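Keep the viewer open and turn to each spot as it comes up.

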Amino acid sequence: MKVLCYSSFTFSYLNRARALFTSVRRFHPDWELVALITDTPPEGFVFEPVNEPFDRVVYAQDLGIPDFQGWLFKHDVVEVCTAVKGPFIHQACQSGAEAVIYLDPDTALLSSLDPLVDWLGEHDVLLTPHLIDPNTDRAAILDNDLSASRTGIFNLGFVAVRTHGEGARFARWWNDRLLEFCYDDIPNGLFVDQRWCDHVPALFDKVKVIRDPGYNVASWNLSQRKVAIGKDGAITVNGSPLRFWHFTKLGPTGDTMTKKYAGQNYPVYEIWNWYKRQVTAFTDPAIPERYWAYDAFADGSKIEKAHRVLYRERADLQAAFPDPFSVEGGGYAAWLRAEGLRPA
Amino acid sequence: MAREASHDQVYRVISTAVDAAFYRTVYPDVAAAGVDPILHYDAEGWREGRDPAPWFSTRGYFAANPDVERADQNPLHHYLAAGRREGREIAASRHAVAYRAQRAQERVVPAWGFDPGRRPGPTLPGLSADILSSPASRAAVAAEFDAVFYLSLNSDVAEAGIDPLDHFLNLGWREGREPSADFSVADYLEMNPDVAQAGVNPLVHFALAGRAEGRSRKQNLGFRYQTLSKLQPVAERIARAKRAGEALSVDSPERLTAALSRSRSGLRDLHITLSHDDYSANVGGVQFCLQREGAGIAALGRDHLHLFPAVPWPTVRRAGQRAPMGALWNGERIGTFAGEAIAEALGQALAGVATGRRSLAIHSLLGHSSTEVLDILAAAEIEAGLFWLHDSASLCAGVHLMRNDVADCGAPPPQSPACSICIYGPYRQQQVAEHGRLFEALDLTVVAPSESALGFWGERTALRPSAAIVHPHAALAERGGAPQPANDAPLRVAFLGMPAAHKGWLAFRDVAQRFAGDPRYVFLHLATATDRGAPIEFHPVAVTQADPGAMRTALERLSVDVAVIWSLCRETFSFTAYETAAAGAMVLTNPDSGNVAAFVQSGSHGLVLPDEAALADLFATGEILELARARRSARLYDMIYSGLSADLLHEAPDA
């Protein structure tokens, strides 16, 4: 099966994406690997895609999204890197690939994903739920089960589709929804792309919910997953081979949640340590931490989340400032200042 | 972070830790001026090198953390806000001992509670200052506090006669002292940033609020987590070895030539050994073995050249990685030489000398390079030798086969997922290839000190020795029955040797900590040095060539019932297991301990337990008491030591 595997990120996540794609290439050298980047390279950093562990770069501005600058401005970095997943997967369905797999940049493969490819022989859409076993401990229910209820049953750090039939229909639907409604707005039933996918088993046929504990292991499901490393060198999760891990929240927050639920299951820390070493090795010091090209107005002043929310809610502002980044003739930034909203 | 902290924020954080009474006592000028010690310390005290509390040295913190000093930060604030979570070191104030002694003499114990002169810190929901000071709260806190545990770990508190709970509430928690085996101050603060931010004593918070809120007493992540959190990448270890090697001055090759002229055999008969260190200067099992071998070689009348990396090196060296090599000639240290200079000097010294009985024993290739070794052996016209399996360095750069230094890996296939996440994984192929070059170029006989070591190696290696034999380092010869101690004595449980994680020290320490104060047990450590901070009696014991039975006699003298030989890695022999049996004590071990488990199973020498949980259970239930000397008829044995390679050279054909 001809597989296209992609990830969506900005340059500050290039280190993680390198770790991901290196791991994918190790097990699936025949897959086409695509980096979907919503950013421009920082000054002083020489980006040479030919030396990267992926085959192709697609910049978000080349996806043909109408009124791209205004559309992008409505989103913060997490929202927009999620939103572009939709248009890309929809377009990839016409690229000649037979299957498209999305993986978050902070995931990494620990063994082959061949069983996924086999499942795609029968199913058109594959999803991994946050939880495949209910928690019984109260603290774990509060942290994990209720969190999944708020943010979505499925973790969209992974999705795989066939490029025909229900897979293509899903990709089209996802594209449409994410172009318009990909915001972190939990009170209104939105958590970027995830809450949408709660609908998938109802809206589409040939959907497989992967209930194998070896996929998408993360701090939010460690309370019900035990990792073991055998003398034969195999890494298993509840007895199934570990396929891929989701290293969400690299840093103190991720560490705290991991420790809380891994406890004395020390192979979990071995895997995290390995990942941290990978990310360190793939970090280019020329990329400033938290860099994002779309984080500031053209005059360099920082864009606040509130500026984006206001813009996305006000059609009059969108009409008045089709390129809200621009400060030509004052622009949206000047309007904000005039209205008493202080740019950071 | 401190760099942006306002004075208010700094005040709030450090106010929980500045010991006003201490500050006023040791700095009478502050007391005389009537200024707030907290304000004084923040405004100028730390810049003047004054210490805010007995447990914290301002200058000590700067010395250990020059980045904080460069950043011109209040060191106490830095430590409380960030440093302690980053594992930064602190030192006690130089005034601490005198101050505490004075207070103890005066029997002054500061009252527990907030100093009324202070501005109150932020309070947590349901935890007001009033609640904190009531007798009911003190009782609630006391119920969580284990005074026996505290005093057994803190002899200074016991000696000063201070109430242990008062000590903990006022000073101890800030000094990282734990209130019970079940509670961790550091863990509680890490898990609960709100408590850390509020500066409340963590045990007080737990007793009065945290428990009801479902918070945990400690993380209980196990000792393997601790090991992993300090894991150093191999590249860093190699870089450190390289730097240390470069800093070493190297002697001229002439010095080597001059030393070689002082010969036992006119250089005709020569035995070359390679190992990872200077066996005459270091203490350990392999070093003891080499001392025995050296003595045997001297008795055979052969000259003996021992080569080793002059600084410890974690792997076999790759071509191009240069390092200075140390040399012993007939047991004497003769200098440090550039690796590539040794072959040349040796070649010159041996030129024109008739070749007699020449032999080789490789005890470890760590720090050696195959190219240098082959050049040296060519100069000495040696083409065959013995290759000792003291460890698994010929299977992986992780010489103990401890994946990420936490668990026996069993040397799985190099492409396995386990190897891909292991720090040694990227170095394994190179390490095996360097050994392979020697096995290809030389006629090597593999010698294992145990059947178990040889069996495992044979299953996992692709190296092809010309022969393989087992030659144990020691054997037991029965000496008689052991005297029986009184029936009601507590069980004496010992750990023998280096307190290293891979030797099982942390597993032993966990048991000793958990059962500290349990009248059924006494925990002992017999070694040259110990690791402080655990309720374990230390007895210095050094096994040397002059006193090879030191451990056995110490075990008998101290009437040890049980030794926990909890090696996490596969021991190829284990002197300590033999010494334990020789002294009539029993061994407790785990299934991954290699020849320790094999030895225990070969006779009635103890128990092989599945894991640490089973070990703890044995102590909790008291089943371990069945192993007391008083409940069995212990036998005593002598240890008959081997001469290692010297024993085997009689039979080996001359090279």
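This is a predicted model: local features need pLDDT of at least 70, side-chain atom pairs count only at pLDDT 80 or more; totals for chains, interfaces and linings use all residues.

Residues are numbered from 1 along each chain as its sequence is written, chains are lettered from A and ligands numbered from 1 in the order in which they are written, and side-chain values use heavy atoms, with hydrogens and water left out.

**Where the chains meet**

Let us start at the interface. Chain A and chain B bury about 2,100 Å² between them, with 54% of it on carbon and sulfur atoms; buried area here is the accessible area (1.4 Å probe) that two parts lose on being put together, summed over both. Chain A brings 19 residues to the contact and chain B brings 29 residues, where contact means heavy atoms within 4.5 Å. Four salt bridges are found across this interface, a salt bridge being a side-chain nitrogen of Lys or Arg within 4 Å of a carboxyl oxygen of Asp or Glu. One to look for is A:Lys231 with B:Asp592, whose closest N and O atoms are 2.9 Å apart. On the side of chain A that touches chain B, helix α11 (residues 267-282) of chain A gives the largest share, six residues. Helices (H or I, at least four residues) and strands (E, at least two) are DSSP runs, numbered from the N terminus.

Chain B has 31 helices and 18 strands, and its C-alpha trace spans about 90 × 60 × 50 Å along the principal axes. Of its 655 residues, 54% count as buried, which means under 20% relative accessible area, with exposed over 50% and partly exposed in between (1.4 Å probe, protein chains only). Among chain B contacts between residues at least 6 apart in sequence, 70% join residues at least 24 apart.

How many of the nine residues of α7(B) are buried? Eight are, so to speak hidden from view: the helix is mostly covered. The cover includes α1 (7-14), α4 (37-45), α5 (58-64) and α6 (66-70) of chain B. At the start of α7(B), a side-chain oxygen of B:Asn74 comes to within 3.0 Å of the backbone nitrogen of B:Leu76.

Further along is helix α27 (residues 550-557) of chain B, where B:Ala550, B:Met551, B:Arg552, B:Ala554 and B:Leu555 are buried. Their packing partners are β11 (474-481), β12 (491-496), β13 (521-527), α28 (575-582) and β18 (635-641) of chain B. After α27(B) comes B:Ser559, with a positive phi near 50°.

The loop between α7 (75-83) and α8 (96-105) of chain B holds B:Ala91, which counts as partly exposed at 34% relative accessibility. Beyond its neighbours within four places in sequence, B:Ala91 touches B:Trp55, B:Phe56 and B:Ser57.

**Aromatic rings**

Over all chains, the whole structure contains 66 aromatic pairs. Rings of Phe, Tyr and Trp (its six-membered ring) pair if their centres lie within 6.5 Å; planes under 30 degrees apart count as stacked, over 60 as edge-to-face and the rest as tilted. Two pairs are set out below.

| Pair | Centre to centre | Angle of planes | Type |
|---|---|---|---|
| A:Phe11 and A:Phe47 | 4.9 Å | 85° | edge-to-face |
| B:Tyr23 and B:Tyr27 | 5.0 Å | 65° | edge-to-face |

A:Phe11 lies in the loop between β1 (3-9) and α1 (14-27) of chain A and A:Phe47 in the loop between β2 (32-37) and β3 (56-59), so the pair ties together parts 36 residues apart in sequence. A:Phe11 is buried at 1% relative accessibility, and A:Phe47 is buried at 13%. B:Tyr23 and B:Tyr27 are both buried as well.

**Charges over rings**

The charged end of B:Arg50 sits over the ring of B:Tyr27, 5.0 Å from its centre. The rule asks for NZ of Lys or CZ of Arg within 6 Å of the ring centre and within 35 degrees of the ring normal. In chain A, the charged end of A:Arg16 sits over the ring of A:Tyr13, 4.1 Å from its centre. A:Arg16 lies in helix α1 of chain A and is buried, with a relative accessible area of 12%. A:Tyr275 is 259 residues from A:Arg16 in sequence, yet their C-alpha atoms are 8.9 Å apart.

Key. A polar contact is a pair of N or O atoms within 3.5 Å; within protein, one must be able to donate a hydrogen and the other to accept it, and residues adjacent in sequence count only if both atoms are side-chain atoms.
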